[in-house]
Amino acid sequence: MSRTSMLISAVVLATASLIMMIGLLVNGALARAPTSLQLTSANAPIDFRPPAEYCYTWGFGNNTGYDATGINLRLDGLPSIAQVYTGTLNPFGDLDPSSGYDAGTNSYRFNFDNGIVYDIDRVQLGLCTAQPQLRLGTLASAAVWLSGTAALTPAPLFAGIELNWLDRDQVTVNIVNEQALTLTLEAFTALQPEVLLPLDDLTPDIALQLPFVAELITEPLTLPPLAAQSFAVQLTALNQPIVFEAHLSAEDDPGNTVHLLAQTMVPGWQVFLPLILR
């Protein structure tokens, strides 16, 4: 055998021996590795997910001096809605076909034109959405009573609400005066139903029966035009429904009021199932 052939044979033999040693080491490690149970560490950060749905209702009066046959609203930042309140306090029934999202203004046309609200009568509207806010659009005609196609004045009273979640048990609630008149926040409370209320049950008479959680103001607060008031709320019951209830009135006409209800589910702790690794 030539010297070159001997060198080649030695290299091949050494390579084969190395491969065999690596294989033995890997097989030995796998043989010693038992089936393991992997759980998320108690100290590991857990992603917090805000609630996925919010339902709002608001009741207000016809203070125009005329009978109204419809109402048009522009609701800011609502690309879609999941449900509309059509209970007995809504004399219009379902939405008018002219309703829908307007991308140009990022607002939802929330229009009703199939009923009648007599002078001084009250009406309740409501909806469910994935957005943690109920706000009026910035257009001058964002809230209008109608008699046929004619607009009536004054505009229907409206107050906005925003829920800004800081953690699963901490939320900042903003009450917003959307209009160019001074409002008085007469009362603001948090209530805790046992289960999520259907939208048709999110009404003042049902709210009176709900367990009381917190009184968020102890005396009336003045909200100047286009002003907002923030409330930091600490929640103790996780994975439970929460309802915020606000009563507001016009400073120059205490009989002109709006009653706002907002419901969602307080986030709970996420549950992670064990992952079996073999």
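## Sheet, disulfide and salt bridges in a predicted model

V173 stands opposite F231 in β16. This is a predicted model, in which local features need pLDDT of at least 70, side-chain atom pairs count only at pLDDT 80 or more, and totals for chains, interfaces and linings use all residues. Residues are numbered from 1 along each chain as its sequence is written, and side-chain values use heavy atoms, with hydrogens and water left out.

**Confidence.** pLDDT is the predictor's confidence in each residue, from 0 to 100. The chain has a mean pLDDT of 85, and 80% of its residues reach 70 or more. Over residues 22-45, pLDDT stays under 50. The model has 14 contacts (heavy atoms within 4.5 Å) beyond four places in sequence for that stretch. Where pLDDT is low, the predicted coordinates should not be read in detail.

**Sheet.** Strands are DSSP runs of E, at least two residues, numbered from the N terminus. Two strands pair if DSSP finds at least two bridges between them. Four strands form an open, antiparallel sheet in the order β8-β11-β12-β16. β8 (133-134) and β16 (228-234) stand at the edges with a single partner strand each, so one side of each lacks a neighbour in the sheet. β12 (residues 170-177) pairs with β16 over seven bridges, in the antiparallel sense.

**Disulfide.** A disulfide is a pair of cysteine sulfur atoms within 2.5 Å. The count is one. C55 is joined to C128, S to S 2.0 Å. The link is right-handed, with 105° about the S-S bond. C55 lies in β2 (residues 54-61) and C128 in β7 (residues 122-129), so the pair ties together parts 73 residues apart in sequence. Buried means under 20% relative accessible area (1.4 Å probe, protein chains only). C55 is buried at 7%, and C128 is buried at 2%.

**Salt bridges.** A salt bridge is a side-chain nitrogen of Lys or Arg within 4 Å of a carboxyl oxygen of Asp or Glu. The whole structure holds three.

| Pair | Closest N and O atoms |
|---|---|
| R74 and D102 | 3.1 Å |
| R135 and E162 | 2.7 Å |
| E178 and R135 | 2.5 Å |

R74 in β3 (residues 70-76) and D102 in β5 (residues 100-102) are 28 residues apart. R74 is buried, at 19% relative accessible area.

Which residues are linked in a network of salt bridges? They are R135, E162 and E178. R135 lies in the loop between β8 and β9 (143-147), and E162 in β11 (residues 159-167). E178 lies in the loop between β12 and β13 (183-191), so its pair with R135 ties together parts 43 residues apart in sequence. E162 is buried at 17%, and E178 is buried at 12%.

Notes. Buried < 20%, exposed > 50% of the residue type's maximum accessible area, 1.4 Å probe, protein only.
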